Number of protein chains: 2
Amino acid sequence: MTAELERLFVHLRFPSISTDSTHADDVRANAEWLKGQFEGIGLATELHETPKHPIVIARNEYEEGRRTVLIYGHYDVQPVDPIELWDSPPFEPELRDGKIWCRGSADNKGQHFVHLLGAEKTIQEEGGLPLNVIFLIEGEEEIGSPNLVPFLEKHKGDLACDIIAVSDTGMVAPGVPTLGYGLRGITCLEVKIKGPSGDLHSGVYGGAVANPASAAARLVASLHHDDGKIAVEGFYDAVIPLEEWEREMWSKVPGAADDDFLKTTGASAPFGEPGYSMAERLWARPTVEVNGIGSGYQGEGSKTVLPAEAMFKLSCRLVPGQDPDIVQQQVISHLENHCPPGVSIEIEKGHSGKAYHNDPHSKFGKAGQAALEKSFGRAPVLIREGGSIPIIQDMKEILGSDSLMLGLALPDCQIHAPNENFSVENFEKGIEMSRALLRELAK
Amino acid sequence: MTAELERLFVHLRFPSISTDSTHADDVRANAEWLKGQFEGIGLATELHETPKHPIVIARNEYEEGRRTVLIYGHYDVQPVDPIELWDSPPFEPELRDGKIWCRGSADNKGQHFVHLLGAEKTIQEEGGLPLNVIFLIEGEEEIGSPNLVPFLEKHKGDLACDIIAVSDTGMVAPGVPTLGYGLRGITCLEVKIKGPSGDLHSGVYGGAVANPASAAARLVASLHHDDGKIAVEGFYDAVIPLEEWEREMWSKVPGAADDDFLKTTGASAPFGEPGYSMAERLWARPTVEVNGIGSGYQGEGSKTVLPAEAMFKLSCRLVPGQDPDIVQQQVISHLENHCPPGVSIEIEKGHSGKAYHNDPHSKFGKAGQAALEKSFGRAPVLIREGGSIPIIQDMKEILGSDSLMLGLALPDCQIHAPNENFSVENFEKGIEMSRALLRELAK
């Protein structure tokens, strides 16, 4: 095992579960250890306290006239339940089959540690870094980064940068370097439908009173046309269409054909907005998705009840052009206008975040592409992601800088699930990618 | 508290939930106790074993040349969920506001126990019963009486009777005696919708894969037109229309105006098949009702999941003319034909029972009317019921006898729901009604 891997293993052994207050000391110990690592390579490092978990900031000496890159990551991890499904203990890293098995290996310790090691090697071999570098490694990403926006706002002068680098996403397939340049946004809603004052006997009262479960189903059904297109008025109005080069590139991305997505998801057939491939639907088209629905008796056997209430949870994934507040209001108006007679509707607004999008052919986009190509030996594919990383849009708004998403996690990396893993090859190539990135960005 | 009420309370304390196998011993203990009650009033009593829960049979000595009445009831009860909505523990009977609050108080322990007490008083005061009486109290009504039909067929000679009396229905309003002459039938289905092989992240995969929760909602919505009429092909074809005298009588039944039903149910407006009053919809028109629907995350807060599965439970109430097997198949065909693409559907057939209907102006119908008039002090109203007691149709077919439905439950009795209750006044008048019935039927 290399000395670099041994140091990553120490990082991985901290059970830095940010959502679990019984692990608060582990989270802090991890931050302290990480501070020592940055100090060890000669960077000026501070732990910034927040109401919860500290933020690690490390930087080389600022030189006027050079470019500045901010490298973002997070040292906190997800909980480990269901623990019985892990093949090895979640916080005892193991090497098997060319992978590092441990909670946090892919999300995100392995992915930010390559940048620390890349900086270290550069300093060792070149006597310094070719540009100003600021590391920002937070400890609250897995709980929604509640204290990062205030921190960014308070320190935005100190954190000013030309570009941000983030390795916290995925590669489309092994050996295929991937530059992400877009993320979907999100807006959430929860809906309650109320009918009779209590559950009724479906024989005694069925047929004369509106059934909230039926009303909820009619509302959910009203959100889409039969062909999968969203039926909410105005929903697509502000959507910026896909560009031709994106459709062309995505049609050739390894691992992103409809068949690949069907294999990964276990779905029997593609489904969604007509006129788009699955990759296009996932990366560039908005959704209204039911995350949960419930009403009446769901246990074993039958219970002939006419339920008093029903609920459902919706989340919309948003794409560039769409404003979360406007979309949320469009969906609310749709639901209110389509609510069937005889029941009442209550809608609770959930959290929202804008979509993010940059130009992968910009000067910095090209630098990211070059770094990926040099380290992985082939031109990267350029994709967007279906998920949401709200902090990237927050950094854009507060610091004014775009983010290069240089993901190193493979599709089977099991983040947020048992048996999380990170490829040793990607760890090693990631260190080279980070070195190349510093060089390319400095040009 | 009277001695009779105290004995009913003992009956009510048995948690005789027939659908829940963990309560099998409670169901049996309840049957044994009930056997003791019948023996205590001098009837020859047996527990008849079935593959599930025993049937209690009790009879006086048979005398040739007398009429025979079979009195039917059931000692099993519904489950108690959602238990947090009960104002007092479901199996600890309480007297409050002139009512007995307990699971099973109205459905059906309170209602069959008045007949045991009526027979007891008659024997005590008159030295015997004026006709041959057979009690049949089963323990599987709430799970569709799966073992009663084989029992009736095996014992139909022993159970031969001129008329059947059943108190397992309702009174239209307090103080208004009610003779029921019709019941809706039922047919049940459970539907599972399957999509991806596991729950998916709604960001990473949402929009490209069919969502089983949406598919379930579309299927449920497809069952009705916007105006409440059922959209299943052929569903109404065999329905026998209402007679003119019924519409006229029902328009004057106390407690059966639309406003009354709205008050009882807490619904804000009538809803259902156009062209009918609420009473007509409930008592003489068929339904398709969702008893439960569930998919994905239903807990607090948001979880951005695209669920792997969804389920819903349906029950159809049927009216005279409709064949349950045909209707069940019509609904199955409808669901299969309307299943959206990208998901698979599995349909499990539930229990079924035909609607029932007799002539309330027959000789025995008039005896029932007289018994109700004597005990409650006014002429009864003649109605059908919205609920289903499939066994009444089964007894008609196997024993050849009609059933007088002498319901004692009030509209706000909350059967099958939290806070089930039974009126103390109806309990006491029910005992008198039972005594009068024995006399009238013997004439």
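Predicted model: local features only at pLDDT ≥ 70, side-chain atom pairs only at ≥ 80, totals over all residues.
Let us start with how the two chains relate.

Now look at the place where the chains touch. Chain A brings 68 residues to the contact, and chain B brings 75 residues. On the side of chain A, several elements give two or more residues, among them helix H5 (212–222), helix H7 (258–265), strand E11 (287–296) and strand E13 (309–318) of chain A. The largest share, nine residues, comes from E11(A). Sorted by class, this side of chain A has 26 nonpolar, 32 polar and ten charged residues.

With strand E11 (residues 287–296) of chain B, E11(A) pairs in the antiparallel sense over five bridges. If you find Gly294(A), you will see that Gly294(B) in E11(B) stands opposite.

Next, turn to the interior. In soluble globular proteins, nonpolar side chains tend to be buried together. The largest nonpolar core here has 247 residues. Which of them touch the most other members? They are Phe135(A), Ala216(A), Ala217(A), Val220(A), Ala216(B) and Val220(B). Take Ala216(A) as an example: leaving out residues up to four places away in sequence, Ala216(A) touches Ile193(A), Ile293(A), Ser295(A), Ala310(A) and Phe312(A).

A helix in chain B shows how burial can be arranged. Helix H1 (residues 3–13) of chain B has the buried residues Leu8(B), His11(B) and Leu12(B). Seen down the axis of H1(B), these buried residues fall within an arc of 95 degrees, so they line one face of the helix. The general rule is handy here: an α-helix has 3.6 residues a turn, so residues three or four places apart point the same way. On the face turned away from the buried side, H1(B) carries the exposed residues Ala3(B), Glu6(B) and Val10(B).

What do the buried residues of H1(B) pack against? Their partner is helix H3 (105–126) of chain B. H3(B) is itself mostly covered, with 17 of its 22 residues buried. After H3(B) comes Gly127(B), whose phi is positive, near 80 degrees.

In chain A, the peptide bond from Asp107(A) to Asn108(A) is cis, with omega near 10 degrees, and Asn108(A) lies in helix H3 of chain A. In chain B, the bond from Asp107(B) to Asn108(B) is cis, with omega near 10 degrees, and Asn108(B) is found in helix H3 of chain B.

Finally, visit two loops of chain B. Asp97(B) lies in the loop between strand E4 (94–96) and strand E5 (99–101). Its phi is near 55 degrees, a positive value in a residue other than glycine. Is Asp97(B) buried or exposed? A residue with 12 or fewer C-beta neighbours within 10 Å is exposed; Asp97(B) has 8 inside 10 Å, so Asp97(B) counts as exposed.

His416(B) sits in the loop between strand E17 (403–406) and strand E18 (421–423) of chain B. His416(B) is not a glycine, yet has a positive phi of about 70 degrees. With 25 other C-beta atoms within 10 Å, His416(B) is buried.

Technical notes:
Residues numbered from 1 in each chain as written. Chains lettered and ligands numbered in written order. Core = buried A, V, L, I, M, F, W, Y, C linked by C-beta atoms within 7 Å. Buried ≥ 20, exposed ≤ 12 C-beta atoms within 10 Å, placed from the backbone. Contact = placed C-beta atoms within 7 Å. Helix = DSSP H or I, 4+ residues; strand = E, 2+ residues; numbered from the N terminus. Arc of directions from axis to C-beta. Nonpolar A, V, L, I, M, F, W, Y, C, P; charged D, E, K, R; others polar. Pairing = 2+ DSSP bridges.
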